[in-house]
Amino acid sequence: HMQMIHLKERILCNICGDSVRNLHYHHQTCNRENISKNTCQICTKKFTCKKSLETHVQTVHESETKVCSICLKEVKNLKKHLKFIHSEEELTKYSCESPGCEEMFRTKQSADKHLKRVHLGQKDQCHICCHWFKNLTSHLGQVHQLSKKHMCSECGKVFYKSNDLKVHIEKVH
C-alpha cells in the first residue's frame, strides 16, 4: 500500500511494457492475447480491450483536424490546443514522478510519456522496419512518411513536421 499509494512507485509490466502502480490489478486486464488483438494498425498503440481501440481510432485517426494559426500545427481540438500550448495562464501542474526530476507538464499524459521515455527508457517497436524507438511517432513521420504532410500555401513545398513549415515560412516568405 505504501509503495503504490504514498510513494507512487511504478512497476514495469512484463507483458505490455507499461509502467503501472498496481501490477496485480493491471494483469487482470492486460494479457498477450488482448494486446495482440487490440493494436492500432495506424500508430501501433496497444489497448487491452476492443472498445478502447475503437475509441482511439475514431478520436485520433478519423476526426478532422484544424491548423493552429499560431504554430501551424494540425490539431484535433483547436480550443484545447490553444489552452494547453499557447495560453499565458499557469497550466503546468503535473510533475514528473521520477525522484529528482523537476520537469512540469500541462497534462498527465505528457508527464507519463516523459517518465516512460526519459527515465524508464521505454521504446516502441516500428511495425514497418521492426526497429525500436523512444519516439515512434517521429520515426514513422520522418522515415516512413506516415505523418500528415504540411504544405506551404505560398510555394507548395511539403514538410513532414509542422515546425519545419513554420520555419520555412518565416525564412523564405
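## Surface and overall make-up

The accessible surface of this protein comes to about 12400 Å², and carbon and sulfur atoms account for 51% of that area. The model is a predicted one.

The protein contains 8 helices and 10 strands. Of its 173 residues, 23% are buried. Contacts between residues at least 6 apart in sequence can also be sorted by their separation along the chain: 13% of them join residues at least 24 apart.

## Helix α8

Helix α8 covers residues 162-172, and its buried residues are S162, L165 and H168.

## The salt bridges

The structure holds 2 salt bridges. In one of them, the side chain of K108 meets that of E97, with a distance of 3.6 Å from N to O. This pair links distant parts of the chain: K108 belongs to helix α6 (residues 108-119), while E97 sits in the loop between β5 (94-95) and β6 (104-105), and the two are 11 residues apart.

K108 also meets D112 in a salt bridge, where the N to O distance is 3.0 Å. D112 and K108 are both in helix α6; they are separated by about one helical turn because they are 4 residues apart in that helix. Through these pairs, E97, K108 and D112 are linked in a network of salt bridges.

## Exposure of the linked residues

How exposed is K108? Its relative accessible area is 36%, so K108 is partly exposed. E97 has a relative accessibility of 26% and also counts as partly exposed.

Is D112 buried, partly exposed or exposed? The relative accessible area of D112 is 21%, which makes D112 partly exposed. Buried would require a value under 20%, so at 21% D112 does not count as buried.

Conventions. Residues numbered from 1 in each chain as written. Predicted model: local features only at pLDDT ≥ 70, side-chain atom pairs only at ≥ 80, totals over all residues. Heavy atoms only, no water. Buried < 20%, exposed > 50% of the residue type's maximum accessible area, 1.4 Å probe, protein only. Contact = heavy atoms within 4.5 Å. Areas by Shrake-Rupley, 256 points an atom, 1.4 Å probe, with all protein chains shown as cover. Salt bridge = Lys/Arg side-chain N within 4 Å of Asp/Glu carboxyl O.
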